Amino acid sequence: MTQTLTIRRPDDWHLHLRDGAMLTAVAPETARHFGRAIIMPNLVPPVVTGAQAAAYRDRIMAAMPEGADFKPLMTLYLTEDTDPDDLAAAHASGQITAVKLYPAGATTNSNSGVRDFDKVRPVLERMAEIGCPLCVHGEVTAPEIDIFDREAVFIDTVLDPIRRATPGLRVVMEHITTKQGVDYARAGGADLGATITTHHLIINRNHILVGGIKPHYYCLPVAKREEHRLALREAATSGDATFFLGTDSAPHTDALKEQACGCAGCFTATNTMSLLAHVFDEDGALDRLESFTSLNGPAFYRLPANKATLTLTRQANPVTYPSKIDTADGPVTVFDPGFPVHWAVT
């Protein structure tokens, strides 16, 4: 039985750090274990220009603990008014690594997102020319579409038409939650990748609703049926280079989560690596954990893997993590998997 596992230092290819007091509190939680992260741009107001991305990066670095070895990879928020020249210049200079597509109204702070996809075609064509990846929140928002079907409908009616109309566009399907997402990503070729979150490997929709509503399991895209969770687990643990870690760790204060209309998001930055070791161990795939967390993502983004390493050790007693992170805005609850975890980062 494996007792220790040393892997290349992992990266997080989908992360929310927020801003201000929240940023200061949660940034160290990611920097502790991860070498790099793709930073989401859905601030208020959103990060829409290269200059804004550079300023946000400076604020992130100022929030890092002394001596932290962490590199934020910045993104721009795609709007119908995005300037292709500014985007291209930001990408060429290294100010940004990717661009994020939010369908308007799909998730937290997405009201500035895209409503008419025809209006962003010139930007997408420019991105294909320069090799800038498009990170996609893959859900339609039409009110007649059931929330549990939004991802599958998006693939058929938005994503596939965009990719067919824009040859060479490199796309990341972020936080996939369905078997349809897994199947489409697998068949998509070298220009398509997909991130999978920690929490979607662990919970299904029953965890949110059975025995009472659990607000700290509520996320968008919402967790689906058990068959979809199992498809995600198989994909993540398969070693297939299409799939890589994007935690979508999304901090909200308890006051915002535990109200009549609570915010969507699970905060997993603190304990993700222990949870993933548990999942991969349970599925007999510890030898593929490094691929999922540390190798597949850099390969898709055409970046080198981290040189530093991270070691996980199986302990007899369960690992303990703080249940909450204190911030100046209020406490943030750390994701609770609902089972004891014995893998510690050592």
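Arg170 lies over the face of Phe300, at 4.5 Å from the ring centre; a charge is counted as sitting over a ring if NZ of Lys or CZ of Arg is within 6 Å of the ring centre and within 35 degrees of the ring normal. The structure is a predicted model, in which local features need pLDDT of at least 70 and side-chain atom pairs count only at pLDDT 80 or more, while totals for chains, interfaces and linings use all residues. Residues are numbered from 1 along each chain as its sequence is written, and side-chain values use heavy atoms, with hydrogens and water left out.

The confidence of the predictor in each residue is given by pLDDT, from 0 to 100. The protein chain has a mean pLDDT of 97, and 100% of its residues reach 70 or more. Helices (H or I, at least four residues) and strands (E, at least two) are DSSP runs, numbered from the N terminus.

Phe300 is found in helix H11. With a relative accessible area of 8%, Phe300 is buried; buried means under 20% relative accessible area, exposed over 50% and partly exposed in between, for a 1.4 Å probe and protein chains only. Ring pairs link Phe300 with Trp13, Phe244 and Tyr301 into a cluster.

Seven aromatic pairs are found in a search of the whole structure. Rings of Phe, Tyr and Trp (its six-membered ring) pair if their centres lie within 6.5 Å; planes under 30 degrees apart count as stacked, over 60 as edge-to-face and the rest as tilted. The pair of Phe244 and Tyr301 is edge-to-face, because the ring centres are 6.4 Å apart and the planes stand at 75°. Phe244 lies in strand S10 (residues 243-245) and Tyr301 in the loop between helix H11 (289-300) and strand S11 (309-314), so this pair ties together parts that are 57 residues apart in sequence. Phe244 and Tyr301 are both buried. The aromatic pair of Phe280 and Phe292 is tilted, with 5.7 Å from centre to centre and 35° between the planes. Since Phe280 lies in helix H10 (residues 272-282) and Phe292 in helix H11, the parts tied together are 12 residues apart in sequence. Phe280 and Phe292 are buried.

Strand S10 also belongs to an open sheet of six strands, with the order S5-S6-S7-S8-S9-S10 and parallel pairing. Two strands pair if DSSP finds at least two bridges between them. Strand S5 (75-77) and S10 stand at the edges with a single partner strand each, so one side of each is left without a neighbour in the sheet. Within the sheet, strand S6 (residues 98-101) and strand S7 (residues 134-137) run parallel and are joined by three bridges. Lys100 has Cys135 in S7 as its bridge partner.

His175 lies in the loop between strand S8 (171-174) and helix H6 (179-186). At 1% relative accessibility, His175 counts as buried. The side chain of His175 makes a polar contact with the side chain of His137 (3.2 Å); such a contact is a pair of N or O atoms within 3.5 Å, and within protein one must be able to donate a hydrogen and the other to accept it, while residues adjacent in sequence count only if both atoms are side-chain atoms.
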